[in-house]
Amino acid sequence: MAEEKTSMQYRGRKTRRADGHARRQAILEAALRIIVRDGIRAVRHRAVAQEAQVPLAATTYYFRDLGELISDSFTLYAERALEAAKSLEKDTVAALNEHRPQMNTPQGREQLARMLTEFVMHFMRSQTEDRDDRQIEQAFRQEALRNEKLANDVQVPYRANLGILERFFQGLGSADPVADAHAVFGAIKHWEFQLLVNTPTDEDWATAERSLRRLVMGLFKL
């Protein structure tokens, strides 16, 4: 099973005062808005200060350089992504526990496979509805190819989602839960991108669901 790091550390200057925390948060939110609108290379202290409506000195006070500002912006995004992952795990664990007694029957495994497909489709819909977050995710993944420190951070939410799927397939008694998790997560990321780059139709969603159902049914040996 992949090693999971499920928390991240902010690198910029810490603050204990409520007003300082609010200003620091506003700066990070502003950086994320710039990334959505103009891309990660547009993140500059002056641009972020203008977007956040704070003095330029505030951005340089909390973040010594752009590396800290970009890294902490991703940490803020990743914290939200990890919360979404926890919600997905709660649903999948509940389904697994509910149907565990029937897992040894074809009917029980088919029902569980259908439920997993439904959970994945619900997760994908919620992900694609938040287009800004998906743009942020793609921007940071591209930047991670150039930035070794960021590359390590980008893996955190990715591994968290993989870990959820690995534990699910392990609970099913899969012979290779790691490979099964990668197969399903790869399909999720493929369809997320396809459904984002175009305005998806009902037919597109139906194709995505059929594709995922066939994959899951195959993994369940149905």
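Contact here means heavy atoms within 4.5 Å of each other. In this predicted model, the buried residues of helix α1 pack against α2 (45–52), α3 (56–62), α4 (66–99) and α6 (131–144).

**Helix α1**
- Helix α1 covers residues 18–38, and because its 21 residues should span 30 Å at 1.5 Å a residue, the 30 Å between its end C-alpha atoms agrees with that expectation.
- The buried residues of α1 are G20, R24, I27, L28, A30, A31, L32, I34, I35 and V36.
- Just after α1, G39 takes a positive phi of about 95°.

**Salt bridges**
- E68 forms a salt bridge with R64, with the closest N and O atoms 2.6 Å apart; E68 is buried at a relative accessible area of 2%, whereas R64 is exposed at 68%.
- E143 and R146 meet through their side chains in a salt bridge of 3.0 Å, N to O, in which E143 counts as buried at 9% relative accessibility and R146 is exposed with a relative accessible area of 56%.
- Salt bridges that share partners join R33, R37, D38 and E51 into one network.

- R134 forms a salt bridge with E137, the closest N and O atoms lying 3.0 Å apart, and both residues are buried.
- Because R134 and E137 are three residues apart in helix α6, about one helical turn separates them.
- Q127, placed in helix α5 (residues 106–129), counts as buried because its relative accessibility is 12%.
- Leaving aside neighbours within four places in sequence, Q127 is in contact with R134 and E192.

Technical notes: Residues numbered from 1 in each chain as written. Predicted model: local features only at pLDDT ≥ 70, side-chain atom pairs only at ≥ 80, totals over all residues. Heavy atoms only, no water. Helix = DSSP H or I, 4+ residues; strand = E, 2+ residues; numbered from the N terminus. Buried < 20%, exposed > 50% of the residue type's maximum accessible area, 1.4 Å probe, protein only. Expected span 1.5 Å × (residues − 1). Salt bridge = Lys/Arg side-chain N within 4 Å of Asp/Glu carboxyl O.
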